Structure formats: structure tokens, C-alpha cells
Amino acid sequence: MVLKTKQLIVKDLMQRNVFTAQPNQTIFSVSVLMASKNVGAVPVVKEDGTFVGIITDRDIVTRCNALGKDPNKTQVCECLTANPTRTVPSQPVRDAIKLMADFGTRRLPVVENDKLVGIISISDIAKASAFCPNEKHPDESCILIDMAKELQKSSHLEHECNSCCL
């Protein structure tokens, strides 16, 4: 007998209430938002909700700070990642994880009809562990959690150094 599992889609796990920035905001203002909300990335949208890109803490460091730009004068549109890897609400979570692995990203904006509708991250997938009914017959969410943990280990965005960190 084959056990049929529910196939999770991005809509099942994505965050719908997403902090966003506008292209003309300053890097300083979006940095304050990131610090106050404890997030490392903020989708960038126009006033009408059209998705423009994403600004990450790494973008701020490499495209603003490291170049000596003034974060109080530099706009988000000058430093954001335009046209980032993204997904749609109906995509299977398994495919979203593959996108994350293929492109070395920890989060994907969820876009529908050019509008931002959410974001899904590795941590959202890990939180799906609450859905796992039992260990004898794990459903797809349990398998996805294992995949997300492996992705987190192999992500080039994580740095673990045993020789310099105590």
C-alpha cells in the first residue's frame, strides 16, 4: 500500500504580513526597519504594490557601506537586488526549496500578477515540523524540513569557522 501525502504549496507556509520598503527610501531608514524587526531582507515594492526587488543586509554592506556611500542619502533603488529569484503561491514547497538551493538564497519573495503577496524562508519551512503527525509515516512537510536543514548546512550564506571563532 502506498501512503499518499499532502503536497504542500508555498501558500501553505509563506508569511503574508511582510515588512516592505519603497525604492526611494534611504538605506538608513530600511536599515533601521531591518534592525527593529530583526529581519535580514526586505522586499521592495512600488506604492501600488508592484514588486521591484529585494534589499538584504548583504546588499547594504556591499553596495553602500563598502563603497563609502552615505546611507542617509543613498536610496534603496541604488543598492537592491533587482529581479531576484522568486516564486508563486501555487508552487510546491519542494520546488521552492530547490530554487533556494540552486540560487543559494534563504528566502523567496512570493509574487502573483507582479504584486508581492508574501515571502517564504528556510525558517518558515522548518516551522512546518508542527505538521508532522508521526515518525513512522512522515508526511511531505517532515521530508521538506530535512531538506531545509540540509540546505541551511550547505548554504554559502552561512559561515562557520572553527579556527577563528571561540
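Fifteen residues line the second largest pocket: the lining has 15 residues, and V39, A41, R107, I119 and S121 lie nearest its centre. The model is predicted. The volume of this pocket is about 310 Å³. By class, seven of its lining residues are nonpolar, five are polar and three are charged.

Which elements each supply at least two residues of this lining? They are strand 1 and strand 5, the latter spanning 115-121. Strand 1 gives the most, with three residues.

Strand 1 covers residues 41-45 and holds V45. Is V45 buried or exposed? V45 has a relative accessibility of 9%, so this residue counts as buried; the cut-off for buried is under 20%. A21 and V45 are 24 residues apart along the chain, yet their C-alpha atoms are separated by 6.3 Å.

Now turn to D124. This residue lies in helix 5, which runs over residues 122-126. D124 is a charged residue by class, and its relative accessible area is 5%. Because that value falls under the 20% cut-off, D124 is buried. What does the side chain of D124 meet in a polar contact? The partner is the side chain of Q15, at 3.0 Å. Beyond the neighbours within four places in sequence, D124 is in contact with L13, Q15 and I119. I119 links this picture back to the pocket, as one of the residues nearest the pocket centre.

Step back to the whole chain. The chain has six helices and five strands. Read along the sequence, they follow the pattern α-α-β-β-α-β-α-β-β-α-α. The chain has 166 residues, and 39% of them count as buried. V45 and D124 are both buried residues.

How much of the contact set links residues 24 or more positions apart? Among contacts with a separation of 6 or more, such pairs account for 57%. The accessible surface of the chain comes to about 10,200 Å². Carbon and sulfur atoms hold 51% of that surface.

Key:
Residues numbered from 1 in each chain as written. Predicted model: local features only at pLDDT ≥ 70, side-chain atom pairs only at ≥ 80, totals over all residues. Heavy atoms only, no water. Helix = DSSP H or I, 4+ residues; strand = E, 2+ residues; numbered from the N terminus. Buried < 20%, exposed > 50% of the residue type's maximum accessible area, 1.4 Å probe, protein only. Polar contact = N/O pair within 3.5 Å; in protein donor to acceptor, adjacent residues only side chain to side chain. Contact = heavy atoms within 4.5 Å. 1 Å grid on protein atoms, 1.4 Å probe; cavity = no way out; pocket = protein on both sides within 12 Å on 5 of 7 lines; lining within 4 Å. Points joined across faces, edges and corners; volume = space filled by probe spheres on them. Areas by Shrake-Rupley, 256 points an atom, 1.4 Å probe, with all protein chains shown as cover.
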